[in-house]
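Hi,

Here is the structure I promised to pass on. Have a look at it first, then read my notes below.

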Amino acid sequence: MVHVLSSRTLLRPTDPERSRRFYGEQLGLDVYREFGTGPERGTVYFLGGGFLEVAGRCETPPSPALKLWLQVADASAAYEELTAAGVEGLRPPVKEPWGLIEMWLADPDGTEIVVVEVPEDHPLRYRP
């Protein structure tokens with residue numbers, strides 16, 4: 001059995017500086033650590049219980065199958081804050097049939113990010 005001690009999503013953007021501005025300045029993710037030097041240096045951001053590492057460079061954008069799921073306390077407040085910071089939303093917050101409040105945005109390479117609020121009365125808040 002593999003005993004996982006830590007995990008992170010590795011993202012190889014087409015333009016690392018642009019992606020660092022997006023994740024660090026526009027989304028406002030806190031930096032866990034940085035490594036290396038130059039334009040392709042690595043930056044690892046906190047993602048709640050995980051990490052997002054933006055490092056290196058790739059000639060093609062990540063697969064459209066890759067999505068990031070970020071839970072926040074208040075999706076409407078996050079939407080206001082992010083759009084004020086210049087983040088283009090793909091869809092404002094909407095309460096979905098499954099009870100979560102979700103909004104969608106994309107990073108500079110088109111990687112879709114769902115920002116989720118779990119309402120207080122949602123089953124995800126309760127454990128039997």
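The cover over the buried residues of helix H1 includes S1, strand S3 (42-47), strand S4 (50-54), strand S5 (67-72), S7 and S8. Here "buried" means under 20% relative accessible area, "exposed" means over 50%, and "partly exposed" is in between (1.4 Å probe, protein chains only). Helices (H or I, at least four residues) and strands (E, at least two) are DSSP runs, numbered from the N terminus.

Which residues of H1 are buried? In this helix, residues 16-26, they are Pro16, Ser19, Arg20, Phe22 and Tyr23. Looking down the axis of H1, you'd find these buried residues within an arc of 160°, so they line one face of the helix. After H1 comes Gly28, with a positive phi near 75°.

Before you go further: this is a predicted model, where local features need pLDDT of at least 70 and side-chain atom pairs count only at pLDDT 80 or more, while totals for chains, interfaces and linings use all residues. Numbering starts from 1 along each chain as its sequence is written, and side-chain values use heavy atoms, with hydrogens and water left out.

Now zoom out. The protein chain has 2 helices and 8 strands, in the order β-α-β-β-β-β-α-β-β-β along the sequence. Of its 128 residues, 34% are buried. Its C-alpha atoms fill a box of roughly 45 × 45 × 25 Å along the principal axes.

Is Asp109 buried or exposed? It counts as buried, because its relative accessibility is 13%. Its side chain makes a polar contact (a pair of N or O atoms within 3.5 Å; within protein, one must be able to donate a hydrogen and the other to accept it, and residues adjacent in sequence count only if both atoms are side-chain atoms) with the side chain of Thr14, at 2.4 Å. Leaving out residues up to four places away in sequence, Asp109 touches (heavy atoms within 4.5 Å) Pro13, Thr14, Arg18, Ser19, Pro61 and Pro62.

Last stop: Ser7, in the segment before strand S1 (9-11). Ser7 is partly exposed, at 44% relative accessible area. Beyond its neighbours within four places in sequence, Ser7 contacts Gly50 and Phe51.

Cheers

Definitions and conventions
Arc of directions from axis to C-beta.
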